[in-house]
Amino acid sequence: VLSTIRRKIVHVPKEARPVRTTVPLALLLWSLSLGLGCGGAAPARTAQGGRPNVVPVTEAMGSPHPGDAAPDFQLPDQGGAEIKLSSLRGSLVVLAFVTSWCPFSRAEQPYLRQFANEYGPRGVKFVAIDIKEPEKDYREYVDRFAMPFPVLRDAAGDVALSYVPPRVLPDFTERYKVVVSANLVLDKTGTIRFFGLIDLRNFDAHYARAREVVDGLLSESGAT
Amino acid sequence: VKLKIFLLAVAACGPATLPRPATSVLAEWGSPQPGDAAPDFELPALRGAPVRLSSFQGRWVLLHFIASWCPYCDAEIAHLNEIAATHAADGLAVLLVDEREPLDRWTMYAQEKVSGQVFMLHDATGDTALRFVPPRAHPELTDRADAIFDSTLLIDPKGRIRLFLMPDSVHFDPTFPEVRAELADVLWRADRGPSLPGASRADGTLDAGHVVFVTSLPTSVAVGGEGEIQVVLHIAPGYHVMSDHPSKPNYIPTTIRLGDARDLAFGACLWPKSSSFDLGGESISTFEAEVVARIPVQVAAGAARGHIRVRGTLRYQACTRASCLYPFTIPFGTDLDLH
């Protein structure tokens, strides 16, 4: 009886709960996915037993959301060059928000580099935005991960803020933190086709969802 | 207070199956798990002497791991302060452990945000975190102590883990609803005295006071607005209670009374449709199993924001097919958040 009550409290619909699986199965699936050479593909299951996932931004959360034009901005990269997002139109763009203090953001950086190494040669542009960090922490991040793409410094956090959908995680007082570890896929017109926020319990460290969208867009443009 | 603490300790001998809300750690992540002894630690406190977890044996402990940069933790701090205030008289100790931040940053943050009723501890090395992180939680985090951030443990008076929750960004709720529900259950049992609900007499029947178990979820209402308090009656199998409109004048109706609370006005209690119980050819109006009573509440426009605990009583007469017990009145509490 009490478990019924608890379900009511947490507002988690039963079907939203990830299906549990045993760890050996998860490991087996994971090693299979590596063994089959799916080129850096994500493990099939997270520790939670579910699919690696993101919190997809929806229209109900407010703009920007998929279907909207990505808010434009101009920021300096690690070499000091100013990069304007709209100058990348004509290419698919993967946009990733990063910070050095967030353990999840730190953990996914090697996979972001791997993602870029695989898809950069296919014409996909990668841009990381380091949010509101002191110069020292930004430099440390840049040196540590040596990304093969621009890592922009959003020193004031204004660009991050322009990407925060207003009606998600309303309890966050520092609003820019909503997009920490978020990633987006923009099509060649600069329209948002994918916008995922972090799902802590089904952490998608390997960018599996973003990869699916990029694959879809690449095959779309290949067909035309 | 000593008696209360004793009763709390007794209550800890409660149910064999431990609750696992949706945000719980999973069994396959490995130890520690609900039911295990909480790993002991001693950490420096921002105020006073170092704090050792095992020194709280005999009390309930709420243990939460944070860092000032963590936005989930930050959203939860006010609610943690409030739980500490609400349950201070019940002997609950709230321990907040900062993970691996420079001491000055943690001190500044704690001074600004954390109430004096909370123990503010500092795990400078992450060694304490490592004792708590289940080995297969968040395998992507290679720095294993990182996996403890924003975790919440409720530890019983014997030092065993009752709840072990990890953050869920999809269903994020900063008010600790699972912890509040668990504390409400536990404290209610403590209020009932050493005999736990369901304790039976020698002949296998229940005492009148053990037939119905009450829970009530926290209610959130805007200042100047209206809301609804829900009170859930869990009626023991094989028993029924008379409905709010019993079939005979001498049957005792089930009634809920809420105590007076400043700035709150309660409406008449709304009961669900009763069930009819066949008493050998005669059908009477009763409640069975689980019943949710709803009480409209109005909050005055000038009410202060914050947390209010409203005390109430439930009066009922319980019967089995064979006989009726004396009417009984039990106390319960319900939490309101005025925002």
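These legends describe close-up views of a predicted model.

**View 1. Overview of chain A.**
Chain A contains 6 helices and 8 strands. Read from the N terminus, its elements follow the order α-α-β-β-β-β-α-β-α-β-α-β-β-α. Of its 224 residues, 53% count as buried. Among contacts in chain A between residues at least 6 apart in sequence, 67% link residues at least 24 apart.

**View 2. The largest nonpolar core.**
In soluble globular proteins, nonpolar side chains tend to be buried together. The largest nonpolar core here has 103 residues, and A:Y163, A:V179 and B:L95 touch the most other members. Helix α2 (residues 71-86) of chain B supplies the largest share of this core, 7 residues. Apart from this core lies another, of 34 residues, which includes B:V211, B:I229, B:W271 and B:L338.

**View 3. Surroundings of B:L95.**
Which residues are in contact with B:L95, leaving aside its neighbours within four places in sequence? They are B:F41, B:V51, B:L53, B:F56, B:V61, B:L62, B:L63, B:H64, B:F119 and B:L121.

**View 4. Strands β4 and β5 of chain B.**
Strand β4 (residues 93-99) of chain B runs parallel to β5(B), and 5 bridges join the two. One pair to look for is B:D98 with its bridge partner in β5(B), B:H122. Strand β5 (residues 119-123) of chain B is mostly covered, with 4 of its 5 residues buried.

**View 5. A kinked helix in chain A.**
Helix α3 (residues 103-119) of chain A has 17 residues. From its first C-alpha to its last, α3(A) reaches 25 Å, close to the 24 Å expected at 1.5 Å a residue. Where does the kink of about 40° lie in α3(A)? It lies at A:Q109, shortly before the proline A:P110. The buried residues of α3(A) include A:F104, A:L112, A:F115 and A:Y119. A:Q109, where the kink lies, is also buried.

**View 6. A lysine between two chains' residues.**
A:K177 sits in the loop between α5 (158-162) and β7 (183-186) of chain A. Is A:K177 buried or exposed? Its relative accessible area is 6%. Buried means under 20%, so A:K177 counts as buried. Not counting residues up to four places away in sequence, A:K177 touches A:W101 and A:F172 of chain A, and B:S68, B:W69 and B:P71 of chain B.

**View 7. Strand β8 of chain A and its partners.**
Strand β8 (residues 192-198) of chain A has 6 of its 7 residues buried, so the strand is largely enclosed by the rest of the structure. Strand β1 (residues 54-56) of chain A pairs with β8(A) in the antiparallel sense over 3 bridges, and A:P56 stands opposite A:G196. β7(A) also pairs with β8(A) in the antiparallel sense, over 4 bridges. In that pairing, A:L184 stands opposite A:F195. The hairpin of β7(A) and β8(A) has 5 residues between the strands, and there A:G190 takes a positive phi near 85°.

**View 8. Two cis peptide bonds.**
A cis peptide bond, with omega about 0°, joins A:S63 and A:P64. A:P64 is in the loop between β1 and β2 (74-76) of chain A. In chain B, the peptide bond from B:S31 to B:P32 is cis, with omega near 0°. B:P32 lies in the loop between α1 (2-11) and β1 (42-43) of chain B.

A:K132 is a residue other than glycine with a positive phi, near 45°. A:K132 belongs to the loop between β5 (125-131) and α4 (135-145) of chain A, and at 39% relative accessibility it counts as partly exposed. B:A289 is not a glycine either, and its phi is positive, near 60°. The place of B:A289 is the loop between β15 (283-287) and β16 (290-299) of chain B.

**View 9. A loop proline in chain B.**
B:P272 is in the loop between β13 (264-266) and β14 (275-278) of chain B. With a relative accessibility of 32%, B:P272 counts as partly exposed. B:P272 touches B:F287, B:V291 and B:V292, not counting residues up to four places away in sequence. B:P272 and B:V292 are 20 residues apart along the chain, and their C-alpha atoms are separated by 6.9 Å.

Conventions. Residues are numbered from 1 along each chain as its sequence is written. Chains are lettered from A and ligands numbered from 1 in the order in which they are written. This is a predicted model: local features need pLDDT of at least 70, side-chain atom pairs count only at pLDDT 80 or more; totals for chains, interfaces and linings use all residues. Side-chain values use heavy atoms; hydrogens and water are left out. A nonpolar core is a set of buried Ala, Val, Leu, Ile, Met, Phe, Trp, Tyr and Cys residues joined through side-chain atoms within 4.5 Å. Buried means under 20% relative accessible area, exposed over 50%, partly exposed in between (1.4 Å probe, protein chains only). Contact means heavy atoms within 4.5 Å. Two strands pair if DSSP finds at least two bridges between them. The expected span of a helix is 1.5 Å times one less than its number of residues. The bend at a residue is the angle between axes fitted to the seven residues ending there and the seven starting there.
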